[in-house]
Amino acid sequence: MSTVGSQCRYDSDFSEDSTIPSSESEEEPLYPISKIPTFCLYPPEIPDGRFIWNCPGCDYNIDFLNLSTDIVNQLPDDTKLLLDSKTWTIKDEPIQFLFLTLASEHYKDHLPADIRSAMSPSV
Ligand SMILES: [Zn+2]
């Protein structure tokens with residue numbers, strides 16, 4: 001005769017979650033998409049053979065043949081060299097990258113302030 005010790009095991013002792021602060025009722029807000037101008041939701045495009053981008057939402061434009069020195073000074077050397085070479089096209093990767101960077105920077109001006117602050121980390 002052997003006695004099997006019956007052990008009650010409580011593996012899950014964390015079933016009670018009653019200590020969550022009830023003030024956390026607000027969910028993480030999604031971007032209120034309806035407040036974003038439609039054109040900002042699509043990647044900007046420059047037609048083939050053109051070197052100027054016109055913002056669809058205002059009269060701002062980026063003239064790639066006449067970039068401001070502020071912009072050019074911030075470019076990586078290879079992009080500068082490429083622009084200097086006069087053989088680039090708007091499809092070249094560094095140019096596309098520059099274009100998308102500049103355009104999305106500008107698009108931020110079209111966004112409501114609360115969305116803008118949600119996009120940029122407030123450090
Ligand atoms: Zn604009």
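Helices (H or I, at least four residues) and strands (E, at least two) are taken here as DSSP runs, numbered from the N terminus. The model is predicted: local features need pLDDT of at least 70, side-chain atom pairs count only at pLDDT 80 or more, and totals for chains, interfaces and linings use all residues. Residues are numbered from 1 along each chain as its sequence is written.

The chain contains 4 helices and 2 strands, and their order along the sequence is β-β-α-α-α-α. A residue is called buried if 20 or more other C-beta atoms lie within 10 Å of its own, exposed if 12 or fewer, and partly exposed in between, with C-beta atoms placed from the backbone. Of the 123 residues in the chain, 3% are buried. Two residues are in contact if their C-beta atoms, placed from the backbone, lie within 7 Å. Among contacts in the chain with a separation of 6 or more, 48% join residues 24 or more positions apart.

Two residues are set out below.

Leu102 is in contact with Ile62 and Ile71, leaving aside neighbours within four places in sequence. Between Leu102 and Ile62 there are 40 residues in sequence and 8.1 Å in space, C-alpha to C-alpha.

Lys86 is not a glycine, yet has a positive phi of about 60 degrees. Most residues other than glycine have a negative phi.
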